[in-house]
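Subject: Structure handover

Hello,

Here is the structure you are taking over. Please keep it open while you read the notes that follow.

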Amino acid sequence: MNILQINASARRATDDQGSTSTRLANELTAGLRAANPAATVTVRDLAVTPQPVLDEVALGALFTPADKRSPEQAARVALDDALIAELQAADTVVIGVPMYNFNVTAQFKNWIDAVARAGVTFKYTEKGPVGLLTGKKVFIVTSRGGIHRDQPSDQMTPYLRTVLAFLGMTDVEFVYAEGMAFAAEQGLAAARTQISQLLTA
């Protein structure tokens, strides 16, 4: 098993401080590895190595044929290529991403924009788009200051299901740590119960 863990908070996790979603993602990954001792783990921490935004310069590089790219363009495309290669190689993907202002972080949106590439991770057909990253199990660990699960304010969960399915990843499980702004202990306990249930399923 190849496990890819993506930490998508703006903050790093240090001991019991910093990013809650990253700490919980670490715990989930540790549980997966305990059940599969031979598993390899790749960690992509977007707080440590943030992916640059998809801007006009990046688009220009992507739409320039590979043999005609400048060294700067080639280097920019290589940043996206590295993320795509990590995702393609993974059997299991663990994503730790908090809710910021009702949706994913800017760090994670930049990651999505990097890995969603026509002809590589999805393709267009006469019957519509087809995701090419199939056969993967995805766990999403999300922390929120308030209570949003199954509420109209949770625009994040349907968005993630949609974009992951667009890329071919439809086997997705969510872990929610909610109420972290006013009931952090209860939120952490509930998330850890969900993690335990997923690991023993």
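Is G119 buried or exposed? At 58% relative accessibility, G119 counts as exposed; the classes are buried under 20% relative accessible area, exposed over 50%, and partly exposed in between, with a 1.4 Å probe and protein chains only. The accessible areas themselves come from the Shrake-Rupley method with a 1.4 Å probe, and for residues only the protein chains shown count as cover.

Before the rest, some notes on the source. This is a predicted model, in which local features need pLDDT of at least 70, side-chain atom pairs count only at pLDDT 80 or more, and totals for chains, interfaces and linings use all residues. Residues are numbered from 1 along each chain as its sequence is written, and side-chain values use heavy atoms, with hydrogens and water left out.

The loop of G119

G119 sits in the loop between α4 and β6. Helices (H or I, at least four residues) and strands (E, at least two) are DSSP runs, numbered from the N terminus. G119 and L132 are 13 residues apart in sequence, and their C-alpha atoms are 8.6 Å apart in space.

R117 is placed in the loop between α4 and β6 (122-125). R117 forms a salt bridge with D81, with 2.8 Å between the closest N and O atoms. A salt bridge here is a side-chain nitrogen of Lys or Arg within 4 Å of a carboxyl oxygen of Asp or Glu. D81 belongs to helix α3, and the pair links distant parts of the chain, 36 residues apart. D81 is partly exposed, at 34% relative accessibility.

The largest pocket

The largest pocket has a volume of about 260 Å³. Pockets are found on a 1 Å grid over the protein atoms alone: a pocket is an open set of points where a 1.4 Å probe fits, with protein on both sides within 12 Å along at least five of seven lines, and lining residues have an atom within 4 Å of a point. Grid points are joined across faces, edges and corners, and the volume is the space filled by probe spheres set on the points.

The lining of the largest pocket includes R117, D113, D80, L54, L59 and F63. The elements that give two or more residues to this lining are α2 and α4 (106-115). By type, the lining residues divide into eight nonpolar, no polar and three charged. In this count, Ala, Val, Leu, Ile, Met, Phe, Trp, Tyr, Cys and Pro are nonpolar, Asp, Glu, Lys and Arg are charged, and the others, Gly among them, are polar.

D113 also takes part in a salt bridge, with K109, at 2.8 Å between the closest N and O atoms. The two are four residues apart in helix α4, so about one helical turn separates D113 and K109. D113 is partly exposed at 22% relative accessible area, and K109 is partly exposed at 33%.

A nonpolar surface patch

L54, L59 and F63 form a nonpolar patch on the surface, with about 300 Å² of accessible area together. Patches are made of residues with over 30% relative accessible area and no salt bridge; like charges are joined within 9 Å, and nonpolar side chains (Val, Leu, Ile, Met, Phe, Trp, Tyr) within 5 Å. F63 lies in the loop between α2 (56-62) and α3 (71-89). With 71% relative accessibility, F63 counts as exposed.

Other salt bridges

How many salt bridges does the structure hold? It holds nine. One of them joins the side chains of R192 and E27, at 2.8 Å from N to O. R192 lies in helix α6 (residues 184-200) and E27 in helix α1 (residues 20-35), so this pair ties together parts that are 165 residues apart in sequence. R192 is partly exposed at 36% relative accessibility, and E27 is partly exposed at 30%. R192 and A177 are 15 residues apart in sequence and 8.5 Å apart in space, C-alpha to C-alpha. Elsewhere, K137, D171 and E173 are linked in a network of salt bridges.

Backbone points

F102 is a residue other than glycine with a positive phi, near 75 degrees. F102 is in the loop between β5 (92-96) and α4, and is partly exposed at 41% relative accessibility. D150 is not a glycine either, and has a positive phi of about 65 degrees. D150 is found in the loop between β8 (137-143) and α5 (156-166), and is exposed with a relative accessible area of 69%.

Regards
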